[in-house]
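I opened this notebook to record what I looked up in the structure, beginning with the surroundings of a single side chain.

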Amino acid sequence: MAPKSTVTRPKIQLDAIVVGAGLGGLYALHRLRGLGLKARAFEAGDGIGGTWFWNRYPGARCDVESLEYSYSFSNELQQEWKWPERYGTQGEILKYINHVADRFDLRAQVTLNTRVTTAIFDRKTNLWTVTTDKGDVVEAPYCIMATGNLSTPRVPDFKGLQNFKGKWYHTGLWPKEGVDFSGLRVGVIGTGSSGVQMIPHIAAQAKHLTVFQRTANFSLPARNGPMEPARESTHKANYPERRKAAYDTPFGIAGHPPPTQSALDVPEAERNRAYEEKWKEGGSISFLYGYTDLLTNKASNDTASEFVRNKIRGIVKDKRTAELLAPKDHPIGTKRLCLDTNYYETYNRANVLLEDARSAPVEEITANGLRTTAKQYDLDAIVFATGFDAMTGALNEIDIRTSDGTRLRDKWEGGPLTYLGLMVAGFPNMFVITGPGSPGVKTQMILSIEQHMDWIADCLKHLKTKGYHRIEAEEKAETEWVDHVNEVAHKTLYPLAHSWYMGANIPGKTRVFMPYVGGVPAYKRKCDEVAAKGYEGFTLA
Ligand code: NA7
């Protein structure tokens, strides 16, 4: 329940309201200003940056290379910014985002420390009224949800958390001042990307670390290092071409030649040599994009999965631990493939213990630690690397409705429904950036943010030129798109994993595959076609 405000402020009138000031919200402000529209973003954090503002856990780093994971809209910006390492750290990316906000003068248009609580569309006036926990009432014809996909951190509903005498943390709500684990007995619950990145850092500091793993995840070496000057200058010399080429790749990341063969068409020794090369090179894209069918053919995928399992067995000395770490319940790549630095090696340390939270689940947090169904663990600190209410969490936290009583939460009870991931039938003039039904989370996020917002900006221009005041997705177009998203997903191996893509990490959440995995080119083509046909599938009024 949102806290009740005691202050009433004068109503703010805008052309567009932006919710969130992460990478999506900031780019939205930039584009809206270019259209001459008066816009403001409301941001819950006390700083801008979204994901990169909140996820400050030790070792937090992007798993897409820094020269790719950045805005492309300004060539000057991409030429002048210097990334110190192959992959950006949380701190470095946050510095970049702040630089962008200053360089493009966006900061004054962001209201910080302010959480949007309700958004109501009036069908008579065609206006959205948004209220915040600080008592703001804001009115505008358009509302742009840049609320992020992994922005609602989730601590599982463990019994007894309030009794714990030590300190506990969630990776997505990490204290700004950092945490010193020196001399402490630490428990980490969760081994997704956040856990995998953080565990080596905590192990190096803590007196003892116990990792409670429910599902083993595949992780590949990042092979991070200082930015090579030659790599940087070649990349920068070809930036515009590279950015353009990225739109022709499924994940929106250029520089990886498209695969031409099935993994099964290659003799085993040659295949393993190729995997070995990619293992040495580091990164997940080149590995998953090595053969045409790694994400669509289980037998092909088995070859890559087994290669990585054998690597784990080779690195981790204790046999029981190695087998626990070797994922067997999902094909590689069907959960977010982690990138790490010394993750598996960490389990060779004498102060690190891996426990199987699948066979002995955490039952209760106690005053002195936690108890699984097998035993009690004494801990001074607990870290929840337990993930997020992904993709729909942040939108469902806001009470989004229309004057005729339609509520987004009710509409999405059985899973999210959108047209192109951009709009929801029944909720006119509300755009979503990289929402469910869009390829966002399966791509280089910033490319998708720019593509979505460029499409939205063109759409707003069209509405203005033609004198329309309302755009609304049609139910039929939405249903067809949702069916298409599902059909495409079910031609792949993705549904075989219990992932946050499916909502499977939240007890009781409806399991539907949420992202569009047809790739960037197919998606962009569809968006462009829809616009070229006068916004086909939308009703303009
Ligand atoms: P993830 O990838 O959702 O990982 C959460 C982890 O927490 C995962 O290993 C879960 O196991 C585990 N978990 C969740 N609840 C429990 C309970 N009750 N007991 C034990 N273990 C639990 O979140 P991350 O923050 O690591 O990464 C999110 C994304 O950020 C990532 O995909 C990248 O895109 C960046 P499970 O697998 O559900 O069995």
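I listed the contacts (heavy atoms within 4.5 Å) of tryptophan 455. Leaving out residues up to four places away in sequence, tryptophan 455 touches Leu422, Phe431, Cys527, Val530, Ala531, Tyr535 and Phe538.

I noted that this is a predicted model, in which local features need pLDDT of at least 70, side-chain atom pairs count only at pLDDT 80 or more, and totals for chains, interfaces and linings use all residues. Residues are numbered from 1 along each chain as its sequence is written, and side-chain values use heavy atoms, with hydrogens and water left out.

I then looked up the nonpolar cores, which are sets of buried Ala, Val, Leu, Ile, Met, Phe, Trp, Tyr and Cys residues joined through side-chain atoms within 4.5 Å; buried means under 20% relative accessible area with a 1.4 Å probe, protein chains only. The largest core holds 131 residues, and Phe181, Phe431, Trp455 and Phe538 have the most contacts inside it. Helix 15 (residues 445–466) gives the largest share of this core, 10 residues; helices are DSSP runs of H or I, at least four residues, and strands are runs of E, at least two, numbered from the N terminus. Another core, of 22 residues, lies apart from it and includes Val116, Ala119, Val138 and Ala140.

Last, I turned to the whole chain. I found 17 helices and 24 strands. Of its 541 residues, 58% count as buried. Among contacts between residues at least 6 apart in sequence, 73% join residues at least 24 apart. The C-alpha atoms fill a box of roughly 70 × 55 × 45 Å along the principal axes.

Definitions and conventions
Buried means under 20% relative accessible area, exposed over 50%, partly exposed in between (1.4 Å probe, protein chains only).
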